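Please look over the chain below.

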Amino acid sequence: VILVEKLKKLKTKNNDEMAFITGSDETISNDFVIFPTYIHLLDNIKVGDLIKVSGKVEKRYDKYQIIISKVEKV
């Protein structure tokens, strides 16, 4: 379960919407990415919400990020 600290939506080159989330739990803050295929999962999510996410971890440059495939509001 993470606390949504920042939520930034943007358009891709193909004019599809995607989003970046910065969220934290009790131990660490991390970056989360939602690609256009799953953007509908954010319809009812806003900054300050607690969410449970599923996805895969990827290393980008020197940081880790989670590519989200499932979001559930707590």
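## Tyr61

Tyr61 is exposed, because its relative accessible area is 70%; exposed means over 50% relative accessible area, buried under 20%, and partly exposed in between (1.4 Å probe, protein chains only). Tyr61 lies in the loop between strand S4 (50–60) and strand S5 (63–73). Strands (E, at least two residues) are DSSP runs, numbered from the N terminus. The phi of Tyr61 is positive, about 60°, although Tyr61 is not a glycine.

## Basis of the model

This is a predicted model: local features need pLDDT of at least 70, side-chain atom pairs count only at pLDDT 80 or more, and totals for chains, interfaces and linings use all residues. Residues are numbered from 1 along each chain as its sequence is written, and side-chain values use heavy atoms, with hydrogens and water left out.

## Asn15

Asn15 sits in another loop, between strand S1 (2–11) and strand S2 (17–24). Its phi is near 65°, a positive value in a residue other than glycine. Asn15 counts as exposed because its relative accessibility is 55%.

## Phe20

Phe20 belongs to strand S2. Is Phe20 buried, partly exposed or exposed? Phe20 is partly exposed, because its relative accessible area is 32%.

Which residues does Phe20 touch, leaving aside its neighbours within four places in sequence? Phe20 is in contact (heavy atoms within 4.5 Å) with Lys6, Leu7, Lys8, Leu10, Phe32 and Val33. Phe20 and Arg60 are 40 residues apart along the chain. Their C-alpha atoms are separated by 14 Å.

Notes:
Helices (H or I, at least four residues) and strands (E, at least two) are DSSP runs, numbered from the N terminus.
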